[in-house]
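These are my notes from a first look through the model.

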Amino acid sequence: MKLKQLVAAGAILSSASFANAAAQDSEFVVEDIRVEGLQRVALGAALTYLPVQVGDELNTFRVTQLIRSLYSSTHFENVEILRDGNTLVVRVAERPTISNIIFEGNDDIKDEQLQESLDGNGVRVGEPLDKTVLTSIENGLKDFFYSIGKYNADVTAIITPLPRNRVDLKLLFEEGDAAEIAQINIVGNELFSDEELMEAFELQYDTPWWDFLSETRYQQQTLQGDMETLRNHYLDRGYLRFNVDSTQVSMTPEKSGIYIAMNVSEGEQYTISEVELVGDVLGHEEYIEAVLPLTPGELYNQAEVTYTEEFISKYLGRFGYAYPTVTTVPDINDEDKTVKLTLSVDPGKRIYVNRIKFNGNVVTADNVLRQNVSQMEGTWLSNNLLESSKNQLSRLTYMEEVEFETIRIPGSEDKVDVNFNVKEQPSGSFNAGIGYGDRTKLSLQAGIQQDNFLGTGKRVGINLSTVSYQRSAQITYNDPYFTIDGISLGGSIGYSEFDGSDFNVIQYNSKRWSIGANIGYPINEFNRINFGLTYSNVELFNRGYYEQTEQFYNQFTNGEDPDAAIKYDSYLASVSWSRSTLNRGLFPTAGSSQRASFSITTPNSDVNYFKTVFDGKWYFPLSRNQRWSFLARMRLGYGNGYGDIDGNEQILPFTENFTAGGADSLRGFENNTVGPRGIFLGNAGSIVGPDGEPFPGDPANAQISWSQRSLGGNAMALGGIELIVPTPFVEEDMDNSVRTSLFVDVGNVWDTEFDYDRYSQFEVSPNQRGEQVLLDYSDWSLYRSSAGVSVQWISPMGPMVFSFSKAIQQREGDDARFFTFNIGQTF
């Protein structure tokens with residue numbers, strides 16, 4: 001309106017100037033046009049805004065048109081029309097160009113949000129400044145601050161002139177403190193207490209200091225939500241005539257607090273007398289009527305009415321009717337307090353998918369994303385398939401965000417395009433890890449893994465690690481889209497060397513080569529089954545003689561050369577089932593994942609054993625935005641030998657034992673330190689059993705010893721809980737890249753086959769101090785636990801983990817740690 005007034009005033013003044021200049025003759029034929037005052041706008045561009053050409057007759061009406069056209073171009077803030085003989089002179093003053101936009105003092109509104117608002121009003125760097133819109137922008141921002149309880153807020157636009165008709169624009173904010181809610185009163189309620197009604201409110205007052213999740217600042221939008229919550233509380237309990245008559249919001253005298261009062265009329269309860277389904281439900285009347293929650297004779301429930309409408313809409317959407325109209329018409333009988341509900345259904349036209357497009361994928365090829373989309377082009381639009389496609393895309397580890405939208409095609413009532421808008425995150429990672437233990441000393445690991453190799457969705461990895469006791473290398477490959485049906489194909493090649501003397505566990509050295517392949521089949525959207533076969537060649541040498549390993553060694557020992565190296569081959573066949581309903585591939589906050597595997601060596605192997613493992617994770621959101629979430633983890637494992645080879649009963653090779661400790665199992669303990677220790681007998685001293693007799697079968701001069709580290713065992717039980725919390729000092733939009741959690745890990749590893757009772761409760765004599773020592777191995781069955789804080793961050797190099805953990809329950813000799821740091825940790 002202001003702009004129109006300025007234009008009208010300018011037109012009147014310019015017309016007057018023109019009339020005075022024209023003097024006795026106010027109309028003339030234009031022989032030439034001259035434009036003065038141009039700086040940034042080109043002459044040719046300015047002439048395009050003039051509705052007058054040479055040879056036209058100019059009068060007062062056409063001058064008004066000319067001025068309006070120039071102002072509407074948004075390039076000029078002043079226009080003057082003059083006459084020089086038969087030459088039309090247009091004198092203009094251009095609007096200054098915005099050189100820079102500065103925001104200062106804004107805390108509640110981000111710079112990006114402010115810039116979006118300015119963009120919507122045409123205020124951006126490089127564009128001419130229309131000063132008339134600044135006042136409306138200032139008032140709009142003030143209204144926003146008032147809506148969140150900041151009644152002392154002020155916004156000022158400061159324009160600083162610069163050379164060459166440029167300006168700097170600064171928006172100066174004085175937000176002030178937000179008014180706290182001093183009291184909320186509900187007036188007119190008799191059926192429910194204030195406390196019961198306000199229990200589900202987001203706005204709270206007079207909360208305890210430790211309730212940091214409550215919202216005590218006044219916000220207009222939140223108040224509207226709480227009023228709807230109040231209304232639903234009554235409507236869900238049959239009070240169909242409930243109404244919020246009025247709402248008053250007032251400030252305390254010192255303007256530091258807010259009083260809120262809601263005046264309500266409760267009414268009486270209404271019962272459903274009849275439910276009628278009318279309209280076209282495509283022949284699915286029986287099914288819909290069978291599952292409807294609305295039942296005659298029960299109290300009216302608004303939540304069930306809304307659910308019924310949504311259910312019918314989604315159900316019809318499964319068959320391509322994406323835009324149905326479902327309306328519930330209540331027929332209220334106030335005399336007997338009943339209501340008849342008529343569900344009117346109009347399915348509309350069946351909608352077909354014209355094209356499926358992907359936006360935002362810079363690295364990933366479209367065909368890779370298309371492999372994870374259940375909705376097909378040319379078929380009818382299904383909301384179930386669209387949601388399923390979104391979930392499958394979100395579970396890809398190289399996708400951070402996935403959204404979709406349907407866009408109607410102009411001129412076509414039954415076709416839409418589907419746009420999937422994705423945001424990628426680093427799919428490749430550089431693995432690097434540094435660790436230190438008083439026994440393991442310095443440990444290093446490095447590797448490169450690409451989950452989306454060259455945008456094909458294939459996983460390729462090379463990993464190297466070295467510690468004082470082990471060196472290993474592994475190459476892995478997996479193609480999840482080997483066939484169009486979703487069959488995957490993968491394989492791996494690995495080599496490792498292990499030195500038990502440096503590990504301070506049972507003494508042995510080993511070399512292992514392995515090569516394997518696997519193939520996977522999708523069962524449905526959530527379930528998958530994999531089959532694999534791996535060949536391994538193992539060589540053991542420089543071995544020590546421990547009680548737990550003797551049975552395994554005996555079947556390979558050469559009587560003529562008992563210290564010779566042992567070699568054996570195995571062919572390990574495996575089958576696994578996996579299920580995932582997680583909402584994201586990395587940093588999930590809802591859903592669950594489970595994996596169960598069973599592996600067994602084939603009868604033609606040199607060793608016969610089997611292993612079975614179960615892994616499970618369950619996420620439970622604790623808040624609506626899922627920034628707070630609870631995670632429960634469990635891992636179970638068991639292995640053993642089967643049958644016999646050449647009369648030797650088979651057991652699980654100790655090299656295949658389960659171990660615990662480290663970032664992937666029990667944080668707070670060094671790798672592979674939790675579980676039974678190796679027992680060995682020496683020749684210094686004598687062993688006497690509890691009955692006073694020498695230990696059966698042992699030399700008269702023998703001494704029992706044990707390793708400081710774990711040998712592992714054939715059974716394992718690990719678990720843990722985590723509270724996922726918002727990361728301090730990190731914005732909410734970074735939740736997909738940074739995660740902080742408080743955790744407790746618990747578990748143990750044990751051996752179900754070895755007879756530890758045979759070695760318990762005996763005396764060792766003498767020790768180095770000449771004392772009798774009583775050893776008790778019963779504590780080996782106790783669990784180990786740790787607690788700590790973990791911060792995970794997806795950087796451009798890949799995932800990083802900072803973990804601060806402390807062992808809670810540990811025995812003498814357990815190697816515990818308090819701080820770990822890894823780059824490239826797999827979550």
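**Entry 1: a loop residue.** I began with Gln371, which sits in the loop between helix 10 (366-370) and helix 11. Helices (H or I, at least four residues) and strands (E, at least two) are DSSP runs, numbered from the N terminus. Gln371 is partly exposed, as its relative accessible area is 31%. For that term I use these cut-offs: buried is under 20% relative accessible area, exposed is over 50%, and partly exposed is in between (1.4 Å probe, protein chains only). I then looked up the C-alpha distance from Gln371 to Ile484, and it is 7.3 Å, although the two are 113 residues apart along the chain.

**Entry 2: what I am working with.** The model is predicted, so local features need pLDDT of at least 70 and side-chain atom pairs count only at pLDDT 80 or more, while totals for chains, interfaces and linings use all residues. Residues are numbered from 1 along each chain as its sequence is written, and side-chain values use heavy atoms, with hydrogens and water left out.

**Entry 3: helix 11.** Ser389 is in helix 11 (residues 383-394). Is Ser389 buried or exposed? Ser389 counts as buried, because its relative accessibility is 0%. A polar atom of the Ser389 side chain lies 2.8 Å from the backbone nitrogen of Ser374.

**Entry 4: salt bridges.** I searched the whole structure for salt bridges and noted 21. A salt bridge here is a side-chain nitrogen of Lys or Arg within 4 Å of a carboxyl oxygen of Asp or Glu.

Arg34 and Asp84 meet through their side chains in a salt bridge, at 3.5 Å from N to O. Arg34 belongs to strand 2 (residues 32-36) and Asp84 to strand 4 (residues 76-84), so this pair ties together parts that are 50 residues apart in sequence. Arg34 is partly exposed at 33%, and Asp84 is partly exposed at 44%.

Glu497 pairs with Arg471 in a salt bridge, and their closest N and O atoms are 2.6 Å apart. Which parts does this pair tie together? Glu497 is in strand 22 (residues 488-499) and Arg471 in strand 21 (residues 470-479), so the linked parts are 26 residues apart in sequence. Glu497 is partly exposed at 22% relative accessibility, and Arg471 is partly exposed at 48%.

Strand 28 (residues 629-641) holds Arg635 and strand 27 (residues 609-621) holds Asp615, so the pair ties together parts that are 20 residues apart in sequence. Arg635 is partly exposed at 31%, and Asp615 is partly exposed at 29%. I also noted that salt bridges with shared partners join Arg34, Glu36, Asp84 and Arg91 into one network.

**Entry 5: a charged patch.** Which residues gather in a patch of negative charge on the surface? They are Asp280, Glu285, Glu286, Glu289 and Asp346. Patches are made of residues with over 30% relative accessible area and no salt bridge; like charges are joined within 9 Å, and nonpolar side chains (Val, Leu, Ile, Met, Phe, Trp, Tyr) within 5 Å. Asp and Glu count as negative, Lys and Arg as positive, and His and the chain ends are not counted. The place of a charge is taken as NZ of Lys, CZ of Arg, CG of Asp or CD of Glu.

Helix 8 (residues 285-291) gives the most to this negative patch, with three residues. Glu286 is in helix 8, and its 71% relative accessibility makes it exposed. Val291 is also found in helix 8, and is partly exposed at 34%.

**Entry 6: a nonpolar patch.** Ile462, Leu464, Ile475, Ile493 and Ile515 form a nonpolar surface patch, with about 460 Å² of accessible area together. Accessible areas come from the Shrake-Rupley method with a 1.4 Å probe, and for residues only the protein chains shown count as cover. Ile475 lies in strand 21 and is partly exposed at 48%.

Notes. A polar contact is a pair of N or O atoms within 3.5 Å; within protein, one must be able to donate a hydrogen and the other to accept it, and residues adjacent in sequence count only if both atoms are side-chain atoms.
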